[in-house]
Amino acid sequence: MITYDAVTKIFGTGREAVTALDNVSFNIPDGEIVVFLGPSGCGKTTMLRLTNRLETITRGNILIGDLNIRDTDPVELRQRLGYVIQAIGLFPNKTIAENIATVPKLLGWDKQRISERIDELLEMTNLEPEMYRDRYPAELSGGQQQRVGVARGLAADPEILLMDEPFGAIDPINREQIQNEFLRLQAKLKKTIAFVSHDIHEAIKMGDRIALFYKGRLVQYDVPEVILTQPKNKFVADFVGADRALKVLGIMQVKDTINRKPKNIINGSDRTQDALKFLDEKGFRYGIVVERGKPIGSVTQKILKYEECLVRDVVEPYPLLLKERTSLRDVLSFMLMYDAVTFCVVDENGSFAGTVSYNDIQRVVRESYADEAESNGDEET
Amino acid sequence: MFLYWEHIWIVGLALLIASVIGVPLGIYITGHDQVATRVLNSATVLMTIPSIALFGLMLPILALFNMGLGKVPAVIALVLYSQLPIIRNTYTAIKNVPPELVDAAKGMGMDRWKLLREVEIPLAIPVIIAGLRTAAVMNIGIAAIAVYIGSGGLGVYIEQGIARVYPEMILSGAILVSLLAIIVDGLMALLERMATPAGIKLQRTLAR
């Protein structure tokens, strides 16, 4: 855990003194990504640089576990903390392997161990070791260089990783891909990560929590959902953007709103008139047809009325089936695309797991905003 | 032929001493801005003193140690003249190492010395050698004038040619000096290329 305790940083002295950080306290729990978010000049990068003592703290304390970083040797401290920067900062005079080996070499690992570690890291970051080990940074694309930058940060297997806009220098498509790769990696590695970003989308995507900075103060520190749905003041609300309802949907998934026990289920082997009677009695306009645990489509009362056969022969198949991890933003988009208000959800085996309707989505959005309406009056300044 | 080697010897020795002083000084002042301005200004002032005047100035001082004439004052003068290109190039080259590389290196836990050895010097070396190259070529010319304080070298032909009003002799001396300058310049260019790290060369070719 990284603990920031009343951290203050003042640059310069006397009249020229600039307060970059003003009495900021929060902590980064083990194994989580905390995004330091805010506009430029808000103090987020300074906070990161204080952590590995590239800048010296003016007042307050930073603790890593129980260790106060004031009591450490800066050089040893930095070797313990992985560091990845925006400009990537690969050394152009060194090969990819030599770049990755930087910290292990400083720590005095033997050659064999370093070499094995390089291959492991290259594979981890989706770069073919044979192909890339002995290349120079200039020969790699921006995205590949960034992967090497991440590999270099992870080289000595640090518990903590400090990342300063690590994916800022690459094009949006590659960035998306590297972000996904990195999240997959993090799911395995469970590093404690301080991640500086100025991009709200990136923060929502990458952050387990977001620390929002403004003019040297910590404005709000919470999980992305809360930042989006309950912004503490006007600055936060503006910063997260007017489309924050859509952003909330971006982080919520089908499993957050799924209806696991819909009552309008019809068996594919039922006769149409029986099914019609069933729907009519319960007051449903249409039914979901399930056969052997798998959803095969839907039927409306209208269709059933004029048919005299088995339900499975008149069923209208679903254009697509959702997974529990599908984001609600995507679901909403599918609803618009296919002009449908309900979709079926299946598990990994393709078995029926429940349904999601437009009303369900609307309800979760409304619920997540409920608290904001109450607090709006006094917090807005 | 002896005069040729004598000339090379004076210039070579001066260059060696100059780089031993100039390169570390140039590196040192990158971390001390105020000192840097003073050092670079002093080196510039030194450079503006005409060589004949410098020899004249040093004469009474070195005469105290009984070394007013000969090779010693010549080498000292050349060392002084070399300081500007060597210090300035070293200083500029180290200062021009991209700040994000320095940041990355420090952030990963390199101390000052490692940063210098692993990152800054490899990236700066081509420009540092270019400074040595300028100094070498310049000194070959100035060394010819040092003949007036009895240093020897190729300047002897020129001096004697003037004394005897013998233009062919002056010309042959001048041509020999130029030839030496051209050869040394070529060799230093080669050294410059050899000292450039492979990754940097690639970067340059690919950037085109």
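Tutor: For a compact globule of 381 residues the radius of gyration would be near 21 Å, whereas chain A has 26 Å; the radius is taken over C-alpha atoms, and the globule rule is 2.2 Å times the number of residues to the power 0.38. This is a predicted model, in which local features need pLDDT of at least 70, side-chain atom pairs count only at pLDDT 80 or more, and totals for chains, interfaces and linings use all residues. Residues are numbered from 1 along each chain as its sequence is written, while chains are lettered from A and ligands numbered from 1 in the order in which they are written.

The C-alpha trace of chain A spans about 85 × 60 × 35 Å along its principal axes. Chain A is assigned domain 1 (2-241) and domain 2 (256-363), with bounds from an automatic or database domain assignment. The C-alpha centres of these two domains of chain A lie 45 Å apart.

Within chain A, 39% of the 381 residues count as buried, that is, with 20 or more other C-beta atoms, placed from the backbone, within 10 Å of their own. Of the contacts in chain A with a separation of 6 or more, 63% join residues 24 or more positions apart; a contact requires C-beta atoms, placed from the backbone, within 7 Å.

Turning to the partner, the contact takes 21 residues from chain A and 20 residues from chain B. On the side of chain B that touches chain A, α5 (99-107), α6 (112-145) and α9 (198-207) of chain B each supply at least two residues; helices are DSSP runs (H or I, at least four residues), numbered from the N terminus.

Terms used. Buried ≥ 20, exposed ≤ 12 C-beta atoms within 10 Å, placed from the backbone. Contact = placed C-beta atoms within 7 Å.
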